[in-house]
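Here is a short briefing to read alongside the structure. Please keep the 3D view open as you go through the points.

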Amino acid sequence: MKLLLASLLAGSVAAFAPQQASRVTTSIHETRDDLKSLAEAQNPVVKFFDPINLSEQDFWDTGEEATIGFIRQAEIKHGRVAMMAFSGFCVQSNWHWPWAMTTAGDPFPSTDLSPEAQWDAIPEAAKWQIILLAGAFEVWDETVGLRDEGKSHYMKGGRPGDYPSFSRFREDVHFVFDLYDPFGFSKKMSEEKKERRLAMEINNGRLAMIGIFGFLAADKVPGSVPLLEQWGAVIPYNGATMAPFEANFSLFGGN
């Protein structure tokens, strides 16, 4: 049923697509007015939405452009993670790999479990592998990859969301695909089309953030998402949703 829901949401994404008639570039140097123009192109109904005035802040005394670069990078990154999480939630609710999960021959957690319970069921070493890999991607994005390509940091005039290539890693260590466009399909893409697709990606990421937290809330809090319960897409979970290593672990103490 979660797979059906994913298909329905994918079809509804077109409603969040930006108007093609208005071209608003994601300027490398951005101000609050630029954000307003971009927001209207992304969603002409909602337009600019900043209820807690984040765009008016000055993070770490770095100035308006650096602060907005940080905010835009954070939203794009969280949207990408949410899209992966939403897709993974739907997939692992229905399938898992047919081979053994560990060298000892242990199988992957059953699809009868909720994805949250599946996470609890995998070995701690596997969790560390996932977390450290995500951390390695972050380090490459913030430091190594930028230096290799001669790009600027997103808080210093760089383009938010522009993940660097793994070219140096391929040359010095071993072959690995780039995260973005591994087969080079975008090389001949116009800048206007790239900007339009980035705006679509941001909209899809926003929808995915709502979607994944809807799944988590439905499994944890009975009745919180009635539609999912009506569709039979809820598997109750009694653990701590935000516990990274064990069900009774908390960064803030207590259970």
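Predicted model: local features only at pLDDT ≥ 70, side-chain atom pairs only at ≥ 80, totals over all residues.

**How two helices pack**
- Two packed helices are described by the angle between their axes and the distance between the axes.
- For helix α3 (residues 64-92) and helix α7 (residues 191-220), the angle is about 55 degrees and the axes lie 7 Å apart.
- Sorted by class, the α3 and α7 contact holds 14 nonpolar, 5 polar and 6 charged residues.

**The largest nonpolar core**
- This core has 11 residues in all, among them Phe86, Phe89, Ile212, Phe215 and Leu228.
- Both α3 and α7 supply at least two of the core residues, and the largest share, 5 residues, comes from α7.
- Ala218 is also a member of the core; beyond its neighbours within four places in sequence, Ala218 is in contact with Ser224, Val225, Leu228 and Val234.

**Two loop residues with positive phi**
- Lys47 sits in the loop between α2 (32-42) and α3, and has a positive phi of about 60 degrees without being a glycine.
- With a relative accessible area of 43%, Lys47 is partly exposed.
- Asp61 also lies in the loop between α2 and α3; this non-glycine residue has a positive phi near 55 degrees.
- Is Asp61 buried or exposed? Its relative accessibility is 69%, so Asp61 counts as exposed.

Notes:
Residues numbered from 1 in each chain as written. Heavy atoms only, no water. Axes fitted to C-alpha atoms, helices over the stretch in contact; angles between N-to-C directions. Helix = DSSP H or I, 4+ residues; strand = E, 2+ residues; numbered from the N terminus. Nonpolar A, V, L, I, M, F, W, Y, C, P; charged D, E, K, R; others polar. Core = buried A, V, L, I, M, F, W, Y, C linked by side-chain atoms within 4.5 Å. Buried < 20%, exposed > 50% of the residue type's maximum accessible area, 1.4 Å probe, protein only. Contact = heavy atoms within 4.5 Å.
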